Each structure stands twice: as C-alpha cells, then as structure tokens.
Amino acid sequence: MVVAVLCVTSVVTGLVTAAPPRPGTEDNGLSENESATLWSRDADDYITQDEYRQRFGTNRSAVHQVANGTDITFTRPPATAATWTRNDFEDLNASGPDTSVHPPHAELESGVYIEDAHATIFAAQPSTRGHLEPGKTPLYVASNGTIRGLVDYRVRLPNTAGNTTTEWSLVEHDITAVRVQQDGKTIAETNGSHTPAIDYQIDDDGRVTLTLEADIRVRLKGPQTSDGNASTSVGYHEATRTVSDSIAVEVYDLAAYSYYAEYPDGDTGVAVFQSEPWQGYTLTESNNKSVRGVWRFYTARNTSWDTLIRSNRTETASVASDAIPVYVHAYPSEIGPRAEPVRGGPEITDTWGEERTTPRPTIGENVTIGVVNQSYMTTAGVAVRAETVDRDALQVAGIVRGVNASVTDLGGRSARQLRQSSLTVETLRQNQSQTTLRIELQDTQTNAPIALNDSERQSLLGTTLHGGYITIGDRRIETNASGVALVTIDEPGIYTARYHPGSWLGYNPAYVSDTATVRWHPLTTLEGWFALFVEVGWQLLPFFVMLYAGKRILRMLGPEEIFQRNHD
C-alpha cells in the first residue's frame, strides 16, 4: 500500500512501520499456530479473546493467544523461518523500466542510462544468527543453501539535444546474469531475474563473504553524434552495470568428538566436544534420551525489509513490503544445559566451554526471551552419565537447521577406565582441644594411592583439568604422593570427608566419588575427661567453700547457745 507520494525529486515520504501479518491470514505454508511463533520482534500488546473476536470477527488458537502476549522460544532451530521466507519471497516483485524498487538499506548505483540500480540479498538460508556476546553476532549458514535477492533498476532516457527531431526510445533491457560469489570466486550462477533464488555449495568452512552479483544491460535508440555535434541519423546505444551486495557469514560445519567411560555400576559416561555452538546430542537410536547445551532459539523478521522505496524520474515513495524474510536466532538461555527425560534420563556430570559476556544488548527491542543476564559458559563440551548409550546412534545436532553430525570415534584414545575409590579417615592424635585426622585415598582395584596434588599428572587432553580434591568441614584438601592428607580440627562434631574426583575425561584411570565419616569430641580422650573434672571442680568450688563455712559457724556457736538465743 502506498502511504504518500510527493511530487518533488529525491524526496522520500514518511517511512511505513510495517507490522507482521496476522497469523492465519496469509497462505505462506504455515498453520496459524506456526506463523504465530515467528514474530519475536512484534509489540506484545496482549488483548483478550473477547476483544480479539470483536476486532477481527474470529477466534484465535491457544498458541496464537500466548504469542500475542509474549515470544515463543524453541529447543531446536525450527523450519518455520525458512518455510515462511521461501513462500513469502514469491510476493516480492520489481517494477517496470521507469521505476526502481529497493529496500531502504540498498546500495544504489547509477550510470549513463541506468539509474538506482541495485542487487540486495533478501535471505540466505538455512542459517541462524548467533548471539554470542556484545559485538559478536555471526550469521551461521549451512554449506549447502539458497540465496534469494532483489535486483532492480530504472532506465534513464536522455533529453533530446540541439535541433534534432530524433527521439530517444528504449529498445530492450534485461538482467543478463546473476551470480553468487564466495570471497570473489563464483560458486553459482543463473540466468537473469529480478528475484533470483540461487542454490549454492561452499566447500570451505569458517568465515567467508558471500556476494550476490547481477549484470544489467540497457539498449536505447537515439540520435547519433559526429564530432560532438548532433546529427539527424539514428543509432543504438548500450550501457551495462554490475551491481552487488555482500554479507559476512560463518560456514557452519560440525565435527564432534566423543569420549567414553564405564562406571563401576555399569553406567556409561559420554562426553562430546564441538568447537562451534551446537544444540546437543542423542544417546539412543530412538532419540528418547538426549542432552541439550546452553543454546535456545527464537525467530524474528529482518526489519530492514519492512518497507520498500519506489523511485522514478521525479519522485520517491515508501510502501509496505509484501515480502518479509524471517531468520532463526540462537541465544544462551538462563535455563542452561538440560538432559531429557528429566526423570530417569541421563545425568549431566560436567560441562566445558568459553566464558562469555551476556549478549542481551544484541537481542533488540520487543524480544521477550530468557537470555542469560550475566557471563555464561558456551558448553562446547557436555559430559553425561546414563544407563543406556548406543554409541553407533550417537548424533550431534547443530544450531543451523538440518546441519547434524555423527560423532567421530577417536579409537583407543576415547576410552577411559573409571574405577572405584576408597576413602578412609582415622584419628592420628588428639588432646582436649583438637585432633589430627589422617585421610587416605586409594584405588580400590589396585590399592595404589591416589595423589591429588601431583602437578606432573598431565591431563590427557593437554588442558588444565584438575584431578580432584577432598572436602571435610569447610576445608578443601589434597592428598600427597602417598595418597595421604592430614587435617587438624578443633570443634567437636561429626565430620564427613568427601572425595570430589576430577573429570574422568582428562585422566586414565579416573575415579568415582567416595565418602568417610569420623566423630570427635574431647570426652573421647583421658585428657578430655581430666579437663572436664577440673572444669567442673572449678565451677563447684564456691559451693563447697560456702558449705564448709556454714558448718564451721554451727560448730563454734554450739547447739545449747543456739537454743538459748532462740528462746530469749
């Protein structure tokens, strides 16, 4: 819909603020429920069911009602964004040779006969915009995908010069070719189109620049000139223009690595690593047991396409766009990593990753999601303990829809021995004020000592993974090369020593936790009993003195004198 037109050259009318279409009103390949989840950047101005019915004359679904007041998030990248974008793109149309249609952010180019020419990327999918931290919001794209764009221009006919009667006319105009380039190298090409949709394949990974490039040709009929003077002869004049638009992307490629351990009770330990942000992994062929990392997802439109500019020789106007691209966004959730099913499912035992600052400032307005409010760990690695694991069925899912990976088995390097540990605590020496405890940690299978302060015990991964520690009371201690640690306590009570083993991933053999309990009180020693008697004696001494003094007074007075005084 055209909002306004001003008949003044190079003046743009007030821009239209487009609102997403009401769910269920457009046939874009999605149901009402699905389309209701798309618009995380819409204003969540909730209205009741009665108000909605009165305003639009129909009822809305339960999902639509929820989406009217908040934003819907997902545990995996949804297909709805790509489905909507693919179908809505069909509504995007260019104009005739006298008018150029372009989004406000398009980079326009002009030449002798070609004006307001551009090639602008509409969408590159499958893809996901990652919100990692402030200043880091890469667009991850699949290595096989589709770029859609809009190419348009207008033809400028020169004014007739001199006294010639020959008029300029347009003979033909077209877009001769459209290409997709990767870092300047053509990787896909198609015939000319105002709305190209080009499939591409990228063989590299990492950060690359994708460019949509189009060749425009115009042929005019007009007067010829000779030595700079106008002539009445007629000739043909051609002009070409190459226009382009580029985006920086991260080619998303999964290469996950796994490590395994068998617990003494028969459970299986699994740890999976992937350098890029990733969704999680499944443990069984039926996919009924899975693990998710910190990432969650939402969908939102690209607001740069809310409006289009229509320009001709004399005027420009802003109109609401008939096509809106929608992207998937990934963000670190405050919910954190999760294992499914919640009851009876795998247990997350450890996570690894890079510490990053909350990306909340990058989310934008009108997006209501549970993004972390503080620094977070990217969960590049997640370890679990589960009763059942099918190694052949282990699958890693990425944050870009459709990009999954089987787990690479590292062979003998991936297996870890996981043994039972034995923790004992005994009283080494004690007195009435304190006691010294001897704590010993051993390998149950070999009776070998387990040293926790061994700086030479290098992690198998070459990382700084710690071998573990022991806690007792509010203290954290480590055993020496003999597997022994001494600790002194001075408060009576029951003390539980607990071994907190380091990750089994970094060491072979590795160990499971164990506990031991000891009770200490001063009365458990002869010195303690003696001290008790001394203390009680000192407390009772005044009583004994008073009792003794009373008896002495009674003896000095005598019984007859006391009797006589009482009768006087």
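On a 1 Å grid over the protein atoms alone, a cavity is a set of points where a 1.4 Å probe fits but cannot get out, and its lining residues have an atom within 4 Å of a point. The exercises below concern a predicted model, in which local features need pLDDT of at least 70 and side-chain atom pairs count only at pLDDT 80 or more, while totals for chains, interfaces and linings use all residues. Residues are numbered from 1 along each chain as its sequence is written, and side-chain values use heavy atoms, with hydrogens and water left out.

**Exercise 1. Describe the second largest cavity by its volume, its lining and the elements that supply the lining.**

Step 1. The model has four cavities of 30 Å³ or more, where grid points are joined across faces, edges and corners and a volume is the space filled by probe spheres set on the points.

Step 2. Helix H4 (80-88) and strand S2 (114-130) each supply at least two lining residues, and the largest share, three residues, comes from S2. Helices (H or I, at least four residues) and strands (E, at least two) are DSSP runs, numbered from the N terminus.

**Exercise 2. Work out the strand order and the edges of the five-stranded open sheet.**

Step 1. The order is S17-S12-S11-S22-S23, with antiparallel pairing; two strands pair if DSSP finds at least two bridges between them.

Step 2. Strand S17 (338-340) and strand S23 (404-406) are the edge strands, each of which pairs on one side only. Neighbouring strands of this sheet are turned by 20 degrees against each other on average, direction ignored, where axes are lines fitted to C-alpha atoms and angles run from 0 to 180 degrees between N-to-C directions.

Step 3. At one end of that order, strand S22 (residues 395-398) pairs with S23 over three bridges in the antiparallel sense, and Ala397 has Asn404 in S23 as its bridge partner.

**Exercise 3. Explain why one side of S26 and of S30 has no neighbour in the three-stranded sheet.**

Step 1. This open sheet has the order S26-S27-S30, again with antiparallel pairing.

Step 2. Because strand S26 (421-430) and strand S30 (484-489) stand at the edges with a single partner strand each, one side of each is left without a neighbour in the sheet.

Step 3. Strand S27 (residues 435-443) is joined to S30 by six bridges in the antiparallel sense, and Thr436 stands opposite Thr488 in S30.

**Exercise 4. Locate Thr362 and list its contacts.**

Step 1. Thr362 is found in helix H5 (residues 360-363).

Step 2. Leaving out residues up to four places away in sequence, Thr362 touches His131, Glu133, Pro134, Gly135 and Thr137, contact meaning heavy atoms within 4.5 Å. The C-alpha atoms of Thr362 and Gly130 are separated by 9.9 Å, although these residues are 232 residues apart along the chain.

Key: 1 Å grid on protein atoms, 1.4 Å probe; cavity = no way out; pocket = protein on both sides within 12 Å on 5 of 7 lines; lining within 4 Å.
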